[in-house]
Amino acid sequence: MDHKEEIVIIGGGMGGLCFAAALHRVGLKAVVLEQSDRLRAEGTSITLWTNAMKALELLDIADQLRNTYVNVLGPHEMRCVERKVLLEALAAQIPKGTIRLNSQVTSIKKSETSPNFTDLELQDGSTYSAKVVVGFDGVNSIVGSWLGLKKPNSVGQLEIRGMAEFPNAHNFSNLFRIFYGNQVVIGFNSMTPTKVFWLLIWTDWSEGWRNTTPEQIKLEALEHAKDFQVPELQLCINNTALEHFTKNTIRQRINEKSNCDQVVGNVTVCGDASHPTTPSLGQGGCMALEDGIILARKLHQTFKSKESQISEVPEHERIHQTLLDFHQERYPRTNALTRKAAMVGSSVTSNTFIKRFLRDWFFIPRGVHAGNYMEDTLFDVGNLKVTN
Ligand SMILES: Cc1cc2nc3c(=O)[nH]c(=O)nc-3n(C[C@H](O)[C@H](O)[C@H](O)COP(=O)(O)OP(=O)(O)OC[C@H]3O[C@@H](n4cnc5c(N)ncnc54)[C@H](O)[C@@H]3O)c2cc1C
């Protein structure tokens, strides 16, 4: 093997980088293997709620974001931040050399030469052997496939989102404005005094749009916007640079079993690879950050606590148990949020008069108002180290 490591994280997205930064804080060494040639910032912007900001506080990043991005909700936190800024802030908390770009993992197998290690092969032929492998590798997770997890399904919705820029400041309020139409929903909110986030979601099962150019995405967005008498949306679309349009198929997987299928030996998945969720609650990324902090705390206990130093249980068994415990703890929360996001997501693009009536007069006002969202977003990830 070219490299022998304690912990290898596959995927340098927001979850993988948060996990690496958290491990570093608790004194554990890890490397991050990221397939891209740079930190990926696809999606332009992401909404971070109180739970995510609590996780980022532990890494000393929250205030930096608070200084730049407005709070959309008032007493609780909801900030729409640029992904690039978030990823760079996380990467700045990780020692140099930890993130290995251009490192696409192409195969995973149990080591034949070092029992209890897992071997990874990269596309360039280099190899890694690790005591712990954590796949933070997103919805198309190679680690998930190796564990035997099902691929996430399309929910029959496409989304276009963008970040509009107004160099001389905009006059959008700090509220998140959302409008429901016939199988289409639109929304926008201020990010900074000069930037506005906007989105469009509609019912569409087509998968063959991958080669669509940014110009075509912009035209498509303008076409959908015509269904609404909301001039702010048109303004946003027209003030969005082509590189700031993104289009996505919305996917999810509702996990049925609590833990065993997410852990084999000392290999597991976290973030979207573990619980791919529709973006309707804006919680997928927030949960990936929670995962990173909680797993780092658990591994710190496993490797560094006094009990671990005197334990007679072999280290690989303790690691395995830690990964199982992690999923046991996380499952109720991630599963409930994935289910809730699926329900909210499917209702917003309702396709019949009766469904729209129920949505607009009962479901949205009573069930999906900010107060209800708040409950889940107030989750406190706790400290990085166990204090007792
Ligand atoms: C349209 C849309 C809007 C969203 N809005 C929000 C929102 O407002 N708020 C929110 O909290 N969440 C939101 N989400 C969800 C959020 O984007 C994800 O939950 C979050 O990015 C998950 O982080 P992650 O690190 O697990 O995975 P990712 O961010 O997907 O990162 C995975 C990384 O793994 C790398 N990788 C993959 N395979 C390999 C491999 N074989 N070898 C090496 N590297 C590999 C990828 O290149 C990537 O960098 C949204 C999602 C979508 C699709």
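No disulfides, taken as pairs of cysteine sulfur atoms within 2.5 Å, were found; the count is zero. Cys-270 takes part in no disulfide, and the nearest cysteine sulfur, that of Cys-18, is 10 Å away. Cys-270 is buried, with a relative accessible area of 0%. Cys-286 is likewise in no disulfide, the nearest cysteine sulfur being that of Cys-80 at 11 Å; Cys-286 is buried, at 1% relative accessible area. Buried here denotes under 20% relative accessible area, exposed over 50%, and partly exposed the range in between, with a 1.4 Å probe and protein chains only.

The structure is a predicted model, in which local features need pLDDT of at least 70 and side-chain atom pairs count only at pLDDT 80 or more, whereas totals for chains, interfaces and linings use all residues. Residues are numbered from 1 along each chain as its sequence is written, and side-chain values use heavy atoms, with hydrogens and water left out.

The shell around the ligand holds 34 residues, of which Glu-34, Arg-83, Glu-159, Asp-272 and Gly-284 come nearest; a residue is near when one of its heavy atoms lies within 4 Å of the molecule or strand in question. A polar side-chain atom of Glu-34 is placed 2.6 Å from a ligand oxygen atom, and a polar side-chain atom of Arg-83 lies 2.7 Å from an oxygen atom of the ligand. From Gly-285, a backbone N or O atom lies 2.9 Å from a nitrogen atom of the ligand. Of the 990 Å² of accessible area that the ligand has on its own, the protein covers 90% (Shrake-Rupley method, 1.4 Å probe).

By residue class, the shell comprises ten nonpolar, 17 polar and seven charged residues. Nonpolar comprises Ala, Val, Leu, Ile, Met, Phe, Trp, Tyr, Cys and Pro, charged comprises Asp, Glu, Lys and Arg, and the others, Gly among them, are polar. At least two shell residues each are supplied by α1 (14–25), β3 (45–49), β9 (153–165) and α8 (284–304). The largest share, four residues, comes from α8. Helices (H or I, at least four residues) and strands (E, at least two) are DSSP runs numbered from the N terminus. Domain 1 (3–151 + 254–346) and domain 2 (156–251) both give residues to the shell, so the ligand lies between them; the bounds come from an automatic or database domain assignment.

Asp-325 lies in helix α10 (residues 315–348) and is partly exposed, at 35% relative accessibility. Asp-325 and Gln-183 are 142 residues apart in sequence and 41 Å apart in space, C-alpha to C-alpha.

Definitions and conventions. Polar contact = N/O pair within 3.5 Å; in protein donor to acceptor, adjacent residues only side chain to side chain.
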